[in-house]
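Hi everyone, thanks for making time this morning. Have a look at the model on the screen, and I'll walk you through a few spots in it.

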Amino acid sequence: LAKGFGKRKTVLISLYLSVCSLVILGIVANFTALLLARALLGFCCGLRYNSLYVWAADIAYNREILDRILLITHIFFICGTMWSSVLGFLLLDWIGWRKFLFFSTLPVLILPIIMVHFCVKDTRGPQIQESEDEAEQQETVTVSNFAARTTKIGLLIACVTFNGWLTTLLVPALIQLLKINKAGPNIHCSVTMTQGPELLLLALVNFAAIPSFLLMHWIKDKIGFRKLQGFVSLVYVANFVLMLTQQNLAVAISTNFITKFLDGIITLGYTYVLYD
């Protein structure tokens, strides 16, 4: 779609489809329709995810600007997750989950639609365009071990993405487990739900990625990615061992905070590697 219609139109299509999926989510009458609407929303996210980053590379004037765009993009992504958690703490119990979906997501979609329509053009930065024109005049360069390199970076991205989403899912699950262990297995399910101040704990855990992004942006030229990945992997293992051996709320939040911090370092790190 990005090649046929252009990256700008592809992003707009995904944004408009996301709005449609929100409308469907607000009127669903059963669980099957809810799953289908969420699947459509996930499809829209995947549709624009890669297009946005390639588009950023097209419109950037030089590598320094591109690195800043990637940093800001990642920071705002985390701000979106924190926005949902904080808004859930403030409004979810008052307005219900249907209206909450509109208030938490629709404003976040309307602003990008306006910006893409009126503030951003589907053009390439002049320096990148000139370098591409020069490259077209030169002979084609064959990259050695392309399949192996692609496979390795694909596995790395899969593992890092798994760790990132694992934290998002693990915190509510651990909170629920601790409540069940404290109150007993026959407690009503509504008592064990993640709600109230616990949503602020989710926002706190997600916040850990922001300082890690800033740290990674600062050290990206000071330390090799392989050495950094090896060190982070060791800390990952120690962190998960602590999480398994100590079952209380403070340990659950602090270990997941560390996990999200490490995930932020590697996520932005492999993004820089991809663009290299």
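Let's begin with a histidine: His74 is found in helix H4. When I say helix, I mean a DSSP run of H or I with at least four residues, while a strand is a run of E with at least two, and both are numbered from the N terminus. Before I go on, please keep in mind that this is a predicted model, where local features need pLDDT of at least 70 and side-chain atom pairs count only at pLDDT 80 or more, while totals for chains, interfaces and linings use all residues. Residues are numbered from 1 along each chain as its sequence is written, and side-chain values use heavy atoms, with hydrogens and water left out.

So, is His74 buried or exposed? His74 is buried, because its relative accessible area is 5%, and buried means under 20%, exposed over 50%, and partly exposed in between, using a 1.4 Å probe and protein chains only.

What does the His74 side chain meet? One of its polar atoms lies 2.7 Å from the backbone oxygen of Leu70. The side chain of His74 also makes a polar contact of 3.4 Å with the side chain of Thr271. A polar contact here is a pair of N or O atoms within 3.5 Å; within protein, one must be able to donate a hydrogen and the other to accept it, and residues adjacent in sequence count only if both atoms are side-chain atoms. There is also Ile210, 136 residues away along the chain, with its C-alpha atom 8.1 Å from that of His74.

Phe76 counts as exposed, because its relative accessibility is 59%.

Further along, Pro112 is in helix H4 too, and it is partly exposed, at 27% relative accessible area. Its C-alpha atom is 9.5 Å from that of Val11, 101 residues apart along the chain.

Now for helix H4 itself, residues 63–118. A straight helix of 56 residues would span 82 Å at 1.5 Å a residue, yet H4 spans only 25 Å between its end C-alpha atoms. The expected span is 1.5 Å times one less than the number of residues. Where does H4 bend? At Gly96, by about 130 degrees, where the bend is the angle between axes fitted to the seven residues ending there and the seven starting there.

Stepping back, the protein has 10 helices and 0 strands, and 34% of its 276 residues count as buried. One of the buried residues is Ile265, at 5% relative accessible area, and its place is in helix H10.

Last stop: the second largest pocket. A pocket is an open set of points on a 1 Å grid over the protein atoms alone, where a 1.4 Å probe fits, with protein on both sides within 12 Å along at least five of seven lines; lining residues have an atom within 4 Å of a point. This pocket is lined by 13 residues, with Arg149, Lys152, Ile153, Arg226 and Val273 nearest its centre. Helices H6, H9 and H10 each supply at least two lining residues, and H6 gives the most, with 6.

That's my tour, and I'm happy to go back to any of these spots.
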